[in-house]
Amino acid sequence: MRLDEIFDNRALSLDSALAIKEGNRCWSYAELLARSEEFSDGLISLGIKKGHRVALMVPNSGAFVMSFFGILRLGAVVAPFNPHFQEQELRFYLEDTSASALVVSEETVSRTKEVLKKINNPPALIEVFSDGTFSIHLQGEVRAAVSVDDSDLPILHQYTSGSTGTPKRVIRTHKKLIRELESLSGIFKLSESDKFLGAAPFSHVNGLVRTMLTSMFIGGTLFPVKDFNRREVLNLITQEKISYFGAVPYMYIILAATPLRGNINLTSLRTAFSSSAPLLSKDNRAFADKYGVFVRQLYGSTETGTISVNTDPDVERSLESVGLPLDGIHIEIIDEEGHVLPVGRQGEVAISSPTAITSYENNPEANASSFQKGYYLSGDLGFKDENGYLTLTGRKKFLINRGGYEVNPFEVEMAVLAYPKVKEVAVLGAPTSHGDQAIRCVIVTEGPCKEEEIVEHCRPRIADYKIPSIIEFVRELPKSATGKTLRAKLD
C-alpha cells in the first residue's frame, strides 16, 4: 500500500476528527482530504502524473500537508524545498530536480516569479493559500516523467550535502518510508489522541517524517508552527496539552533560556526528542530543570531515516546517548580499514537498515565511498557501550552542522565569491557552546571591506542559516603546492 492510500483511508475513517489546527484555523480530516483531492485535480490539469517531480516550497502549515498528499496521489514525487531558499539555491535545485511544477506560499510567490523569469523553460508555478485553495500562475514546462518501479514507488526527492561541493540526491520510496513510520509509531506508542507540535521545518527530514507524516500516519492532530517563536511555542504546548514534540537542539536551548511568563506547563509532553545534531547534557538538564521534562536523543539521516532512539527508562543517566537501533536496523563501529571495533572504541558509524537507500541517484563516486558490503557509512563518529547504546562523538565528513541543518561550505563560498570585493574565500565550521557549529568565513579581498557588506550581499542569495556569523579578513589563504586551500591550517 502507498502512503497516500493510507492517508486517504485514515481520513475517510476519521472524517470530522481534527487533523490540523493552526491558529484559529481548524482542518478536519474530511476537509483536508477534500482539499488535497482538489489539488490533485489541479496538478492533473497541468499534465502532472506518475513519475513527475514536484517541488514543494511551503512553510509548515495545513497547506503544506494538503499539497504533499495531493502530489503523492498522482504517483508523483515530492521534492521539499526550504521556504528560505533564495535565487542561487532555487535555480540550482529546480534544474537538478527536473521539477515539472513548483508549489509556493503567498509569502514567496512574488520573489519566486522573478527567479522563474530568469530560467529557460521554467516549471509550472502554483500558489497555495492558508485555506487550502490554490492558484496556477504559470503553466510551465511538463518535463518527461521519470520511469518508476511500481513495486517500490518513489515518494521523496531530497538532498544531502557532500564534501565534494555537489549535493547528493536521495530518493526514498513509499515502502521504506511506511516501514519507518510504523517503527516510530510503535517505539513512541502513538495513538489518534496524540497532539503533535510541528515546529521543526517540514522541508527537512526531521520535521517532515518524524512529525508531519507521523501525525497523519497515526491519525493524530498536528499543530504546525510556521516560524519558531519561543513564547508562542510554550503557550501552545501549555494550552493545547501537546503530547509529542520533535525538535532540533537549538529549539530546546532557546526554550530553556526563556524567562517564564504566566502559567507555563509542559508536563503534557509524553514524547520529547531532539535530532539532527547533538543536544549537550548541560542543555538537556537546563530544559528539564525549568520544565520537568528530559529530552530524548534521536539519531537519523536523510539516507537512512530514523536509526535509533534513546528509550532508556531512566533517560537522565544516558542523556548523551542516541540509544538502541530500531527493529531491523544493525549498527557497527568500524575503523579506517572497515574492521569492526570492540565495545567502547570510537570509529565510524556504519548502518544496515531496511529503511535506508542503497545508492545516491546518478552519483557513482559517492556510492562507492558511502555504501559498502550492505552498510551505509554515515561519516559520523561514535562508540557503543556494553548494552549496545550508541553515543555520537563527532563528524568525519567535511560538513557544517548549523542548528541541525547540514550546510555545504562550497555553496556558501560560491555566494560570497560573487561579491566584487572578494578575491578568495574559505568557509568552515566553528564549534559553539551548544554542540553545533557557526558558519566561519575567511576572506581575501581586493580592497577595504566590512563584515556588514558580506552579510548584506549574502542575504538575497542563500538561506539565513547559511549566512556567515564569523567573518575574518586575511592577506592570503594557506595553500598546498598544488594550490589547494589548506583548511586545517585555518583552525
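Residues are numbered from 1 along each chain as its sequence is written, and side-chain values use heavy atoms, with hydrogens and water left out. In this predicted model, local features need pLDDT of at least 70 and side-chain atom pairs count only at pLDDT 80 or more, while totals for chains, interfaces and linings use all residues.

**View A. The second largest pocket.** This pocket has a volume of about 780 Å³. A pocket here is an open set of points on a 1 Å grid over the protein atoms alone, where a 1.4 Å probe fits, with protein on both sides within 12 Å along at least five of seven lines; lining residues have an atom within 4 Å of a point. Grid points are joined across faces, edges and corners, and the volume is the space filled by probe spheres set on the points. Of the 38 lining residues, His84, Pro201, Tyr250, Tyr405 and Asp464 are the closest to the centre. Helix 7 (205–218) and helix 9 (249–256) are the elements that give two or more residues to the lining, and helix 9 gives the most, with five. Helices are DSSP runs of H or I with at least four residues, strands are runs of E with at least two, and both are numbered from the N terminus. The lining divides into 18 nonpolar, 13 polar and seven charged residues; Ala, Val, Leu, Ile, Met, Phe, Trp, Tyr, Cys and Pro count as nonpolar, Asp, Glu, Lys and Arg as charged, and the others, Gly among them, as polar.

**View B. The salt bridge between aspartate 150 and lysine 50.** A salt bridge is a side-chain nitrogen of Lys or Arg within 4 Å of a carboxyl oxygen of Asp or Glu. In this pair the closest N and O atoms are 2.8 Å apart. Aspartate 150 lies in the loop between strand 7 (134–138) and strand 8 (154–160), and lysine 50 in the loop between helix 2 (29–45) and strand 3 (53–57), 100 residues apart. Aspartate 150 is exposed, at 55% relative accessible area, and lysine 50 is partly exposed, at 35%. Buried means under 20%, exposed over 50%, and partly exposed in between (1.4 Å probe, protein chains only).

**View C. The salt bridge between arginine 317 and aspartate 312.** The closest N and O atoms are 2.9 Å apart. Arginine 317 is exposed, at 63% relative accessibility, whereas aspartate 312 is buried, at 4%.
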